[in-house]
Amino acid sequence: MKRAIFPGSFDPITLGHVDIIKRGLKIFDEIIVAIGVNATKKYMFPLEQRVQFIEATFKNEQKLVVKTYEGLTTEFCKAQQAGFILRGLRNAIDFEYENSIAQANHQLSGIETVTLFTSTEYSFISSSIVRDVMRNDGDYRLFVPDPVQL
Ligand code: ADP
């Protein structure tokens, strides 16, 4: 059973995340979308709502589950018996960041990180841009799956 964790804040989930998840589902038997909880971070959407957005987006997908976790991603992977971490790469900034985290995670646990390059039409989308557009009454629906509404 090839099980992967797709970790992130998903505040909120965007079409960029959806693209990586759909493509990841062709590679893995199961994907756990894992929302990391960081007590010191301020979020726009409460945790429960972020979970609901993802569950509603993938309501007919049997191979996907949504969970929340605190602490090290590698410890959560071990607890879930997941051998892989799935990540999306948009640009060189993502690369630098993902590269060091992937190496640290591998040293810590032997868990492999699998990165997929973003599809070009979604490469500019980030949750922070979506939040900015929402706060300023722009048409954020262009960037998020249908279940995400203010
Ligand atoms: P984090 O809190 O770790 O920044 P995010 O929720 O922003 O988490 O992102 C989770 C994962 O999704 C990361 O691997 C990130 O690179 C990837 N990702 C975010 N936006 C996109 C996008 N537009 N296209 C592809 N991957 C993306």
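This is a predicted model: local features need pLDDT of at least 70, side-chain atom pairs count only at pLDDT 80 or more; totals for chains, interfaces and linings use all residues.
Q: Which residues of α4 are buried?
A: The buried residues are Asp94, Glu98 and Asn105.

Q: Why do the buried residues of α4 lie on the same side, and how wide an arc do they cover?
A: The residues concerned are Asp94, Glu98 and Asn105. They are on the same side of α4 because the arc they cover around the axis is only 35°.

Q: How far does α4 reach from its first C-alpha to its last?
A: α4 has 18 residues, and at 1.5 Å a residue a span of 26 Å is expected. The span in the model is close to that value, at 25 Å.

Q: Which element supplies the largest share of the lining of the largest pocket?
A: The pocket has a volume of about 1,100 Å³ and a lining of 41 residues. The largest share is 6 residues, and it comes from α4.

Q: Which residues lie nearest the centre of the largest pocket?
A: By class, its lining has 15 nonpolar, 17 polar and 9 charged residues. Of the 41 lining residues, those nearest the centre are Pro7, Gly8, Ser9, Arg87 and Tyr97.

Technical notes
Residues are numbered from 1 along each chain as its sequence is written. Side-chain values use heavy atoms; hydrogens and water are left out. On a 1 Å grid over the protein atoms alone, a cavity is a set of points where a 1.4 Å probe fits but cannot get out, and a pocket is an open set with protein on both sides within 12 Å along at least five of seven lines; lining residues have an atom within 4 Å of a point. Grid points are joined across faces, edges and corners, and a volume is the space filled by probe spheres set on the points. Helices (H or I, at least four residues) and strands (E, at least two) are DSSP runs, numbered from the N terminus. Ala, Val, Leu, Ile, Met, Phe, Trp, Tyr, Cys and Pro count as nonpolar, Asp, Glu, Lys and Arg as charged, and the others, Gly among them, as polar. The expected span of a helix is 1.5 Å times one less than its number of residues. Buried means under 20% relative accessible area, exposed over 50%, partly exposed in between (1.4 Å probe, protein chains only). The arc is that of the directions from the helix axis to the C-beta atoms.
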